[in-house]
Every structure is written in structure tokens, then in C-alpha cells.
Amino acid sequence: MDTRLIALAVPFFFLLIGIESVVSRVQRVRRYRLHDTITSLGCGIGEQVIVVFTVGLSVAAYAYAEKHLAITRIPASSVVAWVLVFILVDHSFYWFHRAAHRVNFMWAGHAVHHQSEEYNLSTALRQNWIENLLAWPFYVPLAILGFPLAMFATASTVNTLYQFWVHTRIIGRLGPVEGFLNTPSSHRVHHGIDPEYVDKNYGGMFMIWDRLYRTYQPEVAEPHYGTVKPLESWSPLWANVHGWVRMWTMARSTSRFGDKVRVWFAPPDWQPADLGGPVTVPAVDAATYRKFDRETPRSLDRYVLAQFAVIALVTSGIMWFAATLPTVLLVASVGWVIVALVGWGGLFEGKAWAAPLEGARHVAGVGLGVLLMQRGYGPAVLWAAGGVGAVSMAVLVTQRAR
């Protein structure tokens, strides 16, 4: 995947999220909640800054297989080869995606994308921070077939970008293309927690694989969204580690050694017999169904929203300059962003440590900004970060003093 192309697409993502939000207001349908949206986008930001470190492994693995294991060399000038690589990338994505739902340690990562109880364009950007490390083995066969790295990277990036638009409730069923292409209707089913929708519609661009492998399910009613066991947190960090903590706790609690190992590789609905046995996905009772939420002061919401705008700009800068930033400054910049995401979750949940952590982050941001400006990186963005940060901290301190 080409991170620079993704960075260029980010402003368009935010523009479309804004348009969807405005349309929802005009239609008087609540499709966005600030805390949920910031958490989803925070997960996406974390994934994009961490992927600058992990993408090298995927590239190296693919390049090695292409150089040493390829059974042929496919020319990038072939139109047929380009058609094939787009089809085969999506086929590989289907099997990665299906495994991510049915193998516990992979679900621990992929579950992040499903945790939102809303379904809107911000949900598309809610990504696990290390999923890139789990996905690359599914694409190495393309290198063995002889597809050049550049072709794979282009097809993979297009596949990723395509999947953004299907995360919406505004667009209904699209007639003849349903069941052939992945559409908003098909993907709403995939995010549903209703028993008939769970583990269906895995395709990225196409639904032909789901039809072929019998995992296709049309949308017959509006799904309920989220995960069967709700996350109930606004913390992007907890969203990313929750699944691993769950497996570790289960492995420690079960008595049989075989079950301690199986926990990591079994399906998510499996449990050891001494912990209750397999779990059946329950029907959703519309009368008792409630989405997780917590009231916060408007000034706090405005503060986090302002900080999000700054962090989004900084993230785009990290993605763009990752190849040229000195390692120490790159690690420091990514760490600064991650601390922001942790702090926002804590503020939304009323944690006592959150405000001091935010204060420390702003202090650290000044030093990091000076170092980056000495290197000539993004002085305008850093100036904006400092200005908005100072004003926002004043608002936060004033609010907490009341």
C-alpha cells in the first residue's frame, strides 16, 4: 500500500465525512456522535502513524518472494496482468478478511474496525494499529506468481480506497450491482451484529468471492452495529489492546494446557469448556438495545475537536515525510500523536490522569516542534499546533475549575 497516496486522500475523506454529517442533519437522522467519531478517527490516525514502521516488513517480504520465489515474471505493461492483479488482490483480501473474523488472534486486531456502534464514513477509517503485520502473508502468493511490487502496491491501495465509500447508511441498495460489487448495503450487513449477519460479506471490492464461497448475505433489514460484546470505551488504545487482554485472561483462566494454546487460534465464539463453552450469538432486542455513551461538557468536546484538527495535520506530515525524518524524530512524533489519542479517550471518560497527560503532551510538543523546525519540517503546522494547543488548554483548565 502506498502511504503517500493514502495521505493525499485524507483531506477528501474528511470532506466526505463532513458532507455526510451535513446530509444527516438535513435529514434529521443522527448518524454521527462526536465521541464515537473521534475514537474511530483516532484509531485511524494511530494506524497511519504506526504503519510507517510496519509497512517495511510487508514490502520486504513481498520483494523477497518476488526476487527469490517467483515462478515467472509478469510484465507491468500488460493490460491483462493489471486486470488480474486487481482481481487477485481482492481475492487475497477476502481470505485475509475471513481469517481475521475466524481466528482469535487476528480478530483481536480486526475487531477494532467493528467496535463502533455507528455506521458512517468515519467508521471506514477506524483501523487496528498492527493489522498490516497480520495481512501480508495473504498477499505473498501474488509475488510468487510474478506480479511486480509496484503493481501489487497500486492494486492494494485502490482496494483500500474503494472500501471507504461503502461505510455509509445514506446510500440504499444499488440494484443489479448488488451481489457483484461490494456496496454500502452489502457492507452494512458485514458490520451487523444480528445473528443472520455475523461473518458475512467479506469482499473488499467484489462480492463474487462471497457468492463463490457461500458467505454472501443480502441486507433484509437495518443491522445493529458494533461487536457482539460491546467495547464500551472511547479509548483508541484500549480498543486496540482489548482483544489481546481478553485472550490472555482466558488463557490464564482455563485449566487445560491445550485450551491455553487453542484460545489464540480458535474462532472468537469458542471458549474452553471450563469457562462456559462456545458462545452463541444472541438476537438483538431492539427494546433493550442501548449504545454506549457518556455526557461531557461542550467546552471539552470543542477542545478535543480543535486538537484533532491539529493532530490530523501532523499525521499527514508524518506520513508524507516518514522516509526523510531522522528515526529519533519520527519515533518522537509518532509517540506524541499516540499520547494525544490516549489523552482524548481519558478526557471523554473522565479519567483523573487525562488532563495532566494532555498538559505534559503540550510541553513535550514545544520541544519536539523546535527540533522539527530546526530540520525544516512543517513550521506552519507546528505553529498552528502550538497556538491551538495553548488556547485549548486554557479552555480545558477553565472548565475544570468550574
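Me: How do I check the length of helix 3, and what span should its 24 residues have?

Reply: Start with the rule: the expected span of a helix is 1.5 Å times one less than its number of residues. Helix 3 has 24 residues and should therefore span 34 Å, and its end C-alpha atoms lie 35 Å apart, which agrees. Helices here are DSSP runs of H or I with at least four residues, strands are runs of E with at least two, and both are numbered from the N terminus. Please keep in mind that this is a predicted model, in which local features need pLDDT of at least 70, side-chain atom pairs count only at pLDDT 80 or more, and totals for chains, interfaces and linings use all residues. Residues are numbered from 1 along each chain as its sequence is written, and side-chain values use heavy atoms, with hydrogens and water left out.

Me: Which side-chain atom reaches the backbone at the start of helix 3?

Reply: First, the term: a polar contact is a pair of N or O atoms within 3.5 Å; within protein, one must be able to donate a hydrogen and the other to accept it, and residues adjacent in sequence count only if both atoms are side-chain atoms. At the start of helix 3, a side-chain oxygen of S78 comes to within 3.4 Å of the backbone nitrogen of V80.

Me: Which residues of helix 3 are buried, and what covers them?

Reply: Buried means under 20% relative accessible area, exposed means over 50%, and partly exposed is in between, using a 1.4 Å probe and protein chains only. In helix 3 the buried residues include V85, V89, F93, Y94 and F96. Their cover includes helix 4, helix 6 (131-135), helix 7 (140-145), helix 8 (149-162), helix 9 and helix 10, where contact means heavy atoms within 4.5 Å.

Me: How many residues of helix 9 are buried?

Reply: Eight of the eight, so helix 9 is largely enclosed by the rest of the structure. Among them are P184, H187, R188 and H191. The buried residues of helix 9 pack against helix 3 (79-102), helix 4 and helix 5.

Me: What about helix 14: what span should it have, and how many of its residues are buried?

Reply: Its 22 residues (327-348) should span 32 Å, and the end C-alpha atoms are 32 Å apart, which agrees. Helix 14 is mostly covered, with 16 of its 22 residues buried. Just after helix 14, G350 takes a positive phi of about 70°.

Me: Which residues other than glycine have a positive phi?

Reply: As a general idea, most residues other than glycine have a negative phi, and most peptide bonds are trans. Here, N201 has a phi near 55°, and E232 has a positive phi of about 55°. N201 sits in the loop between helix 9 (184-191) and helix 10 (208-212), while E232 lies in the loop between helix 10 and helix 11. N201 is buried at 0% relative accessibility, whereas E232 is exposed at 54%.

Me: How do I describe the packing of helix 2 and helix 11?

Reply: Two packed helices are described by the angle between their axes and the distance between the axes. Axes are lines fitted to C-alpha atoms, for helices over the stretch in contact, and angles run from 0 to 180 degrees between N-to-C directions. Helix 2 (residues 34-68) and helix 11 (residues 236-253) pack at about 70°, with axes 8 Å apart. Angles under 35 degrees count as roughly parallel, over 145 as roughly antiparallel, 65 to 115 as roughly perpendicular and the rest as oblique. Helix 2 and helix 11 are therefore roughly perpendicular to each other. T39, G42 and C43 in helix 2 meet P236, A239 and N240 in helix 11.

Me: Is S116 buried or exposed, and which side chain joins it in a polar contact?

Reply: S116 is buried, with a relative accessible area of 2%. S116 is placed in the loop between helix 4 (104-114) and helix 5 (121-124). A polar contact of 2.9 Å joins its side chain to that of D36.

Me: Which backbone oxygens does the side chain of Q271 reach?

Reply: The side chain of Q271 reaches the backbone oxygen of L275 at 3.3 Å and that of G277 at 3.2 Å. Q271 is in the loop between helix 12 (257-262) and helix 13 (298-321), and counts as partly exposed at 23% relative accessibility.
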